[in-house]
Amino acid sequence: MAAATRAGTVTGHRIRAVAAAVALAATAAALLLPGRWYLLAFAPFAAGAWLVTRLERRTALVLVLLGGVLLPLTAATGPPDSSDDLYRYLWDGRVQLAGVDPYRYPPAAPELAPLRDAPLWSPDAHWCVPDGACTRINRPTVPTIYPPVAEGLFAAVAVVAPGVRGLQLVMAGFAFAVGALLWRALAALGRDPRRAVLWSWCPMVALEAGNNAHVDVVAVGLAAVAVWLLARGRAVPGGIAWGLAVATKLTPALLAPALLRRRPLAVGLAAVGAVAAVYLPHVLAVGPAVLGYLPGYLHEEGYADGSRFALLSAVLPAPLTPPVAAAILAAAAILVWRRADPDRPWRAAAAMVTATLLVAAPGYPWYALLLVMLVAYGAPWEWLTVAAAAYLAQFAPDLGLATDTAQRIGYGTALAVVAAGLALRHRQRRRAEPGQRMSTARV
């Protein structure tokens, strides 16, 4: 009987492993679909991730690492599909190799005209500058927006892997490294390392790292290191890693209420010191211009006039949405700081990121890579719907929808899913409490 049971267990494990491998292949194949059909990759991803978390760990590790390589590389086989940010990355790297600080001039500046060549500058490109030249670099008349760690990476890529394909492969490599890091960190923290599949197999990671080559994947990797170190009580190195993440892309600053719960002075000073160290050379070179296009970008995206906040603007007059949004996020930050578990900061951090995404309702999926990483650490699976909602907003014109309508449908649905998940988990805890009390009474 025991032998038969073991044989059945082995057979069941093999079936699940094969089914997971099929789901991985289907996810990879879906990423190659034309148009926006590649978003169908989320369906086999969901099924495959569920299967991987039920496999024996050695088999799961092989599949997690295989997916971490296969999916970003599959996405990298084509040109960037839904973002042109990587052309700015390539330009900033080229400018630095020429000995010019990236914050000094916008791409359209005549001082940089000698650096203009294909493929970044081409008559058929749709961004044109006052002197008549056209480029693939977005917003060519304004300076760069990216922080110093990102700029250092762009310069390094310009040396070792120049060009679109080189940058895509570098970011695909970072995506794989983050998945491997998550497996190691989860195991070290006593968590289930199989949850790393939620990052390594996520189509958003493959698309935004391997295809669109967003630098956010590097910022998320540094933030993942910070979460790991701070969960282990290592305040100074954790703070430094967090500061470097913020100095790569500003979004990891949202982790502040959760990460500052334990030894806030040490963590904060370490983070500020790291940010100051990488900004200092640029401040000395260009002064206040080191802020680049950040203030203009915030105004352009509608954060000042309230047009950005799609869910709030559906129920409030536009002038009220910025202060209400600020109040909601301030209240969320206070609640997160009070309830964060320093030994497990990822759920509180994910709550802060989720609240921000729901309030801001961005149409840029790569902003949500931070949330994907935190879900892999241990935040509820269903919060990934908030990350996926950005695709509906981004592709609203393709669907025949107004952008604000798509934002409200996508993020409104995600809000309902998150609320339902929280209600269900609360009910499950309430039902478990009487049994726990009876068990304690018997002891």
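Me: How many disulfides does the count come to?
Reply: Happy to start there, and please keep in mind that this is a predicted model. The rule asks for a pair of cysteine sulfur atoms within 2.5 Å. By this rule the count comes to one disulfide.

Me: Which cysteine does the disulfide join to Cys128, and what is the S to S distance?
Reply: A disulfide is a covalent bond between the sulfur atoms of two cysteines. The link in question is right-handed, with 90° about the S-S bond. Cys128 is joined to Cys134, S to S 2.0 Å.

Me: What should helix α12 span, and how far apart are its end C-alpha atoms?
Reply: Good one to work through. Helix α12 covers residues 264-286, which is 23 residues. At 1.5 Å a residue, these should span 33 Å. That agrees with the model, where the end C-alpha atoms are 32 Å apart.

Me: Where in α12 does the kink lie?
Reply: Look shortly before the proline Pro281. There α12 has a kink of about 40°, and the residue at which it lies is Tyr279.

Me: Which helices do the buried residues of α12 pack against?
Reply: The buried residues of α12 include Ala266, Ala270 and Ala274, along with His282 and Val286. Residues three or four places apart in an α-helix point the same way, because there are 3.6 residues a turn. The buried residues of α12 pack against α5, α9, α10 and α11.

How values were computed
Residues numbered from 1 in each chain as written. Predicted model: local features only at pLDDT ≥ 70, side-chain atom pairs only at ≥ 80, totals over all residues. Heavy atoms only, no water. Helix = DSSP H or I, 4+ residues; strand = E, 2+ residues; numbered from the N terminus. Expected span 1.5 Å × (residues − 1). Bend = angle between axes of the 7 residues up to and from the residue. Buried < 20%, exposed > 50% of the residue type's maximum accessible area, 1.4 Å probe, protein only. Contact = heavy atoms within 4.5 Å.
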